[in-house]
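Thanks for asking me to look this one over.

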Amino acid sequence: MLVMCTSPPRANRPARGHAALLRASLIILLLLWPRPSAGKKKLYIGALFPMSGGWPGGQACMPSAQMALDLVNNRSDILPDYELELIHYDSMCDPGEATKLLYDLLYTEPIKIVLMPGCSGVSTLVAEAARMWNLIVLSYGSSSPALSNRQRFPTFFRTHPSATLHNPTRVQLFKKWKWTRIATIQQTTEVFTSTLDDLEQRVKEAGIEISVRQSFLTDPAVAVKNLKRQDARIIVGLFYETEARKVFCEVFKEKLYGKKHVWFLIGWYADNWFKIKDPAINCTVENMTEAVEGHVTTEIVMLNPETVRGVSNMTSQEFLAALMSRLGGKNPEETGGFQEAPLAYDAVWALALALNKTVAPLKAKGRRLEDFNYNNHDITSEIYRALNTSSFEGVSGQVVFDAQGSRMAMTLIEQLQGGSYKKIGYYDSSQGNLSCTNRWYIQNSQPYLNNMTAVGCMMALAAVFPLGIDGHHVQKSQFPVVCQFRLWLLGLGFSLAYGSMFTKIWWVHTLFTKKDEKKEKKKQHLEPWKLYATVGVLLAIDFLSLMIWQIVDPLHITKEKFTKEAPKEDLDVLIQPLLEHCSSKKMNTWLGVVYGYKGLLLLLGIFLAYETKSVSTEKINDHRAVGMAIYNVAVLCLITAPVTMILSSQQDASFAFASLAIVFSAYITLVVLFVPKMRRLITRGEWQSEQQDTLKTGSSTNNNDEEKSRQLERENRELQKIIQETWKLCPSLKRSLSCRHSLCMEAHLPRG
């Protein structure tokens, strides 16, 4: 749409000129006003976007939905004969306001073919009423488990997963780590109660027992004490963020944390939720940090973590860039619904694909989408069938609906380690696939640099063979080639192996040891190309220096003569010992340049490794192992280089010393860098194996079994006494009841 801005007419401006300008403006406006494509029929979507209120999700979800609508309308392969148009209002996330707006949508032309509400309360109202008008409801921002009810909401779908989606992930983790008994603590609200009911059913089917179930309204102190008294080890907590701080303050007081306990929480709290000062608790930040360490969270993935192009031909990162452009540079943290925006985007695509799928079946029945009205059940049934079978790749991941119309999505699993959340896996509910692996550990160690290190070590090891070759093994004319070959293998092998390790430690030092605020902001950004470019520079320096050496002063054979020796058998024969060297005219100069340059790199590497030994970063998570490998390589190289020069005339000792130094430095480097990664892959990670060993105490066998047994026996005896006393009261109660019955009968007898 073109908005024309003109100056207000001055008092002395001729009326004719003003009229001409107005006519010209109207002509331009009419020419440029967006019009529907010729022959296309409009289908209307009635949407409620909460732009304000408790959850102002429409601030980002509405632009996201409109962006998807524009792309759909420009596609020639999706609804080519139709154009979708959005008619939307601000529901303010208020069911009362939504009631009035729903009335306007239903009783005001044009007819809407689908309704798209947000907020669980608003969606509940709309979905319950929609059945009366034969309308499909597709929500983008409703998580209440109560909406997963086909009897109550027969035409409801949602791209926002239900809050109960966390439960399959939890059950899979319980089964993976062989935990058979868990405990729960919940805040008594509808959403958590229904979530816990769903969890109870799922764990029962999996053969897992909920041994303790505690709840609280505002004060969790008693509930936490009961968990401690019942010796709960694996605990699922369901509560809002403010209550989470209260719970873990009590957890700290009761010492219900540590390696013997695992807490499972919801993942949508703020990352620093336990550090926020809260007047409702009397625990310090240090107390809270100690209590929450090691807990596991599950969070629904709303943005596809993979770089794939879905049905809209857009990756998740490209979607975010386009959305930011539509938002005009607004701060995402201050824009309501920014996290849920991919769900609104995919909701429009799900609807468009479903409507497109209904065109052919409706045509076979002699119907068309534009024939829809609120009494037409056939068209609604076709749209329902098409949505129910939806399956496509969206910017939020794979879009699939379950039997209740709820989105089946991936769940992110994280653990709080050292005060920050670390990814430990994903769960794909649509395929039942738990990928609780260490690929993030491997990925964050920069695997391409690891590969370069491995290749460099293999090149250095391969150089050992030409080091041992002399004139007896090759012809004299081929010996200079062997000399060059060993030089290039050692030079480039060192650049790849040590250069890739030096690059890691260099960038860790550059980005993570700066203390001014400007460089602190750069901590989270480490582009891989910078790492590869650094290795490339080191490799290029070596390549150019070796090339110049080979062209200007190439290596050739030189023979060193020793004192003639007379054999014991024949005094008339003298033996002239000779030693063949690979040398050049200015050999010492070239060696001085190469050794000086590489020696400085080795010393700088040692310094950087020392400086970064206390740095903790997830971007290059094996930098401490790299530091150990650098120490190893530096010490061996700094010792080997001068020793081999001194022993150059003693070929056996020189070869033995050089080859052993190469073999040891290469193998130690490979062991230090790769064995921990292999161990994590085999044992499912250090945390998992360690926790599995210590947390198996969550089953019935633990160190306090005898004490628990005695306590249960005492409680059993007390209960038996109560039962006996109750039975003693039974006869007197029966007599009282019979007397009361007799009095009642007498009261109802007719009086003569």
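This is a predicted model: local features need pLDDT of at least 70, side-chain atom pairs count only at pLDDT 80 or more; totals for chains, interfaces and linings use all residues.

1. A word on pairing before anything else: two strands count as paired if DSSP finds at least two bridges between them.

2. Five strands make up an open sheet with parallel pairing, in the order β2-β1-β3-β4-β5. The edge positions belong to β2 and β5 (156–158), each of which has a single partner strand, so one side of each is left without a neighbour in the sheet. From one strand to the next, the twist averages 25°.

3. Helix α3 lies across β1 (41–48), β2 and β3, and α3 runs at about 170° to β1. Helix α11 (residues 341–364) also packs on the sheet, where α11 touches β1, β2, β3 and β4. The direction of α11 makes about 150° with that of β3.

4. Most residues other than glycine have a negative phi, and most peptide bonds are trans. The peptide bond from Glu109 to Pro110, however, is cis, with omega near 0°. Pro110 sits in the loop between α3 (95–107) and β3 (112–116).

5. Which phi does Met92 have, although it is not a glycine? Its phi is positive, at about 60°. Met92 belongs to the loop between β2 (82–89) and α3, and with a relative accessible area of 33% Met92 is partly exposed.

6. Cys119 is another residue that is not a glycine and has a positive phi, here about 75°. This residue is in the loop between β3 and α4 (120–130). Is Cys119 buried or exposed? Cys119 has a relative accessible area of 3%, and the cut-off for buried is under 20%, so Cys119 counts as buried.

7. Further along the chain, strand β6 (residues 181–187) deserves a look. Six of the seven residues in β6 are buried, so the strand is mostly covered. Seven bridges join β6 to strand β7 (residues 209–216), and these two strands run parallel. Between β6 and β7 the chain passes through helix α6 (residues 190–205), giving a β-α-β crossover that is right-handed.

8. Strand β6 has a further pairing, with strand β8 (residues 234–238). How many bridges link β6 and β8? There are four, and the pairing is in the parallel sense. Thr184 stands opposite Val236 of β8.

9. Last, a residue in helix α20 (residues 623–646): Ala629. At 0% relative accessibility, Ala629 counts as buried. Leaving aside neighbours within four places in sequence, what is Ala629 in contact with? The contacts are Met501, Thr669 and Val672. Ala629 and Ala666 are 37 residues apart in sequence, and their C-alpha atoms are 9.3 Å apart in space.

Terms used. Residues are numbered from 1 along each chain as its sequence is written. Side-chain values use heavy atoms; hydrogens and water are left out. Buried means under 20% relative accessible area, exposed over 50%, partly exposed in between (1.4 Å probe, protein chains only). Axes are lines fitted to C-alpha atoms, for helices over the stretch in contact, and angles run from 0 to 180 degrees between N-to-C directions. Contact means heavy atoms within 4.5 Å. A crossover is right-handed if, with the strands pointing away from the viewer, the path from the first strand over the helix to the second runs clockwise.
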